[in-house]
Each structure stands twice: as structure tokens, then as C-alpha cells.
Amino acid sequence: MATAANYGIVCQLRQTRAEKTDKILLFSGVYDAPDQQIHLLWRVGVADPVLIESRHTHKDQSGGGAAAIDTPCFVRSNARMLLRNAIAARKSEVESPCSGDYTVTDGPHYDKGWFHMAHEEYIALYPTDAVIQFHGMASAKSDGRTVYIHLSPGFKDVAKPDSLIRYFDNGLVAAFDSEYADEYMASSARSSSYTILRTADYHPATFNVQGRHANNSPDPCKKSATTAQYSSAIQQFVHLEMSSNPRNNHVGDLTHAINYAGAHWKARNGEILLVEAESFDGKSGSVKNETKNNGVTNLGFIATGDWVRYSNVDFSEGRSTFKAHVSTGTDTSTGTITVRLGSLESPPVAVLSEAIAGGWGNFGVAHVHLSETVSGVHDVFLEFGSGYNLDWLTFDK
């Protein structure tokens with residue numbers, strides 16, 4: 001994996017520089033001018049089927065946009081890739097053929113620019129992956145309330161129950177501990193720290209080129225998808241507008257939403273076996289469900305020696321990786337989870353012990369390979385050492 005060009009992802013990437021840091025491979029270069037840097041971060045190894053796109057962050061950075069949060073969210077999440085584009089929206093002597101007030105230099109809105117070409121190449125490689133697009137905004141008003149987060153599925157229509165926007169929204173609500181309303185057309189949920197507006201009737205809904213592409217438009221540069229095209233799509237796209245409040249103060253919460261959406265999206269596509277931690281069939285010790293005021297739960301109050309049991313878990317044709325969405329008390333603390341099948345006396349098939357960015361509300365994904373591929377139906381026992389709270393667990397192929 002010496003150059004990005006080998007993989008066809010960054011078709012127009014110039015002055016390519018590849019650098020591997022921990023489990024992340026970085027490609028960077030210059031598109032047309034020094035202020036138009038582009039970056040591609042690719043997670044090596046086990047990752048969730050999520051592409052994070054961050055549009056014209058050079059402009060956003062000067063305006064307080066997504067630049068400050070896109071990379072931290074990617075690093076702390078388990079997303080597969082981050083496309084980060086610094087090209088600013090501005091006038092050019094050569095106008096883009098795209099509809100709307102776009103120009104050739106505004107790469108995210110132009111179907112021949114690096115950003116969109118990379119988007120298309122990625123979807124060709126991973127056609128069922130989720131696409132979460134970041135964008136900065138000033139706080140908006142809706143019914144007299146300040147809107148801090150705005151979600152759009154990339155089309156003027158109601159989203160399916162198993163669409164990405166619904167999973168991502170559920171993850172946001174769980175992270176921010178806000179009131180939840182199951183409406184996606186001009187409705188909102190609110191808490192003391194933010195208000196989220198869920199509506200399809202918004203600028204990115206029809207003008208966003210990547211949203212048009214993900215929603216089956218045959219000509220994403222010029223035409224929005226029709227209702228039929230959108231309905232037949234897997235609805236894998238969500239555009240996330242953020243004001244300075246969540247961008248500056250809620251990296252952990254936004255990461256939680258990305259991880260939640262990624263895991264549930266993967267389970268939706270049949271790629272993993274996902275178990276909600278609070279759905280145990282038996283337990284021992286002080287471990288118990290913590291319930292937030294919106295009804296979202298996780299396992300907490302865990303002490304060394306506690307265990308939980310999940311009965312008749314179907315591993316189907318085989319799973320080889322255990323992942324857990326966990327939080328710890330501090331940046332340096334870890335817990336342990338020992339995975340056994342059948343009984344507490346069985347030899348462990350995995351022992352998970354991985355540091356996660358600290359804070360009991362800052363959940364992250366930890367993973368470990370099983371000692372062998374597991375298939376069939378088994379009772380799963382998780383035996384704990386203190387140090388973790390547990391939100392959900394998965395067994396991956």
C-alpha cells in the first residue's frame with residue numbers, strides 16, 4: 001500500500017505522501033493550490049462500514065466549521081475512512097455544470113472534482129457502507145428555538161426505519177441524553193445543550209452531490225434523485241450540520257453516534273452479530289443496567305468477578321472477532337472482559353483489555369480476535385474485571 005493511486009481512491013491526488021500511524025494510513029497532498037490540501041485517512045484492519053466526509057474544511061475552519069472535529073471523531077471512532085477536503089467554496093472564472101451556486105473550485109459540489117470522485121470510488125469498493133458527511137453551520141432558528149445540529153438524508157422524503165439517518169439519530173439522542181421524537185419532517189428533540197432538527201426539506205437534501213449519488217440519482221451533478229430512486233436506495237447517506245456548540249464541546253458524543261450508527265448499520269446488512277448489553281439473560285454481582293432519562297441503557301456498576309449471560313446466541317456460519325462499545329473512568333484506565341462459551345468453566349475464547357479515551361460517557365470501540373472461529377448456537381458468558389461500562393457487543397466475521 002505504497003501510494004493512494006494503487007487503489008483508485010484518490011484519482012487526482014498530487015504530491016502523494018503516505019504515512020502509517022498506529023492503525024491508520026494517511027494519504028495527503030495538494031489539489032490545485034497550497035490552501036487546498038486534501039487528506040484521506042484509512043483505518044487498517046477491523047473497521048466499521050462508515051465513510052466520514054468533511055467538506056471544504058479550509059473555509060469551515062476560518063468560519064468555525066467542521067475542521068476542528070472531523071479528524072478527532074474519526075480517530076476515536078471505528079470508521080473505515082475519512083475524506084477531508086480543504087477546498088473552499090468560492091467563485092471561479094469557470095462555472096461548474098452542477099446546479100446551484102457552485103463552482104469548479106468548490107470540489108464537494110462538483111462531480112468531476114477530487115472529493116466527489118473519491119466518494120464514487122469508495123462507494124464502488126464498499127457499496128453498502130454508510131456515508132456520514134460533516135459540515136459546519138451557524139446556529140439556526142426553528143420555531144423560536146436555536147438549532148445546534150441539523151440532519152438531512154439527502155432527499156425530501158421520510159426515511160425508512162432501517163435507514164442510516166435513523167440509526168445515527170438514535171446514537172445522537174443516546175449520547176446527548178435528549179428527549180427523543182420519532183419524526184423526521186420538521187421536528188426536533190432538545191436538551192439543555194443542543195437542539196437537533198430532523199428535516200429532509202433543507203439545502204443538503206437536494207443540492208448535495210454526494211447525497212444525490214448515494215440516493216441513486218443517475219446524474220448527481222445536475223439532478224436530485226426521484227422519489228422512486230430514493231425509495232429503492234439503501235438510504236446510506238446522512239448530512240450533519242453542526243454549530244460551534246457540538247463542534248467544540250461534544251467530540252465524545254458525536255463519536256458515540258458514529259460508532260452506534262456504524263455497528264447497527266453493519267448488523268442491518270447482516271455483516272455482524274450485535275447484542276445490546278442490557279439484554280442479558282442472567283447475571284451475578286453488582287453489574288446492572290444504567291437507565292438515562294430518555295430510556296437509553298448500558299451496563300454499569302461493574303466489579304471484578306461480575307458476569308452476565310446471553311442465551312442461545314447464533315453465530316451462524318462463523319465469527320472471529322469480538323468487539324465491545326465500552327467506556328472507562330480515565331484516559332489511563334482499562335477494564336477486562338473475558339468471553340466464554342457454554343459455561344463459566346469453559347476456557348476463554350477471548351480476553352478484551354484495551355484503553356479507551358476516558359470518561360464514563362465517552363464510549364469507544366475495543367476489539368480482540370477470538371482464539372478460534374465460532375459457529376453455531378452458544379450461551380455467551382462475559383466475565384468482568386472492573387473498569388468498563390458496556391453499551392453493546394458484536395461478533396464480527
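1. A charge sits over a ring if NZ of Lys or CZ of Arg is within 6 Å of the ring centre and within 35 degrees of the ring normal. Arg268 does this with Trp265, lying over its face at 4.3 Å from the ring centre. Lys288 likewise lies over the face of Phe301, at 4.7 Å from the ring centre.

2. Some ground rules: this is a predicted model, where local features need pLDDT of at least 70 and side-chain atom pairs count only at pLDDT 80 or more, while totals for chains, interfaces and linings use all residues. Residues are numbered from 1 along each chain as its sequence is written, and side-chain values use heavy atoms, with hydrogens and water left out.

3. Now the aromatics (Phe, Tyr and the six-membered ring of Trp pair if centres lie within 6.5 Å; planes under 30 degrees apart are stacked, over 60 edge-to-face, the rest tilted). The whole structure has six aromatic pairs. One of them, Phe322 with Phe395, is tilted, at 5.3 Å centre to centre and 45° between the planes. Phe322 belongs to strand S18 (residues 319-327) and Phe395 to strand S23 (residues 389-396), so the pair links parts of the chain 73 residues apart (strands are DSSP E runs of at least two residues, numbered from the N terminus).

4. Phe322 and Phe395 are both buried (under 20% relative accessible area, 1.4 Å probe, protein chains only). Together with Phe315 they form one aromatic cluster.

5. Then there's an open, antiparallel sheet of five strands, ordered S14-S17-S22-S19-S20 (two strands pair if DSSP finds at least two bridges between them). S14 (282-284) and S20 (350-352) are the edges, each with a single partner strand, so one side of each has no neighbour in the sheet.

Conventions. Helix = DSSP H or I, 4+ residues; strand = E, 2+ residues; numbered from the N terminus. Buried < 20%, exposed > 50% of the residue type's maximum accessible area, 1.4 Å probe, protein only.
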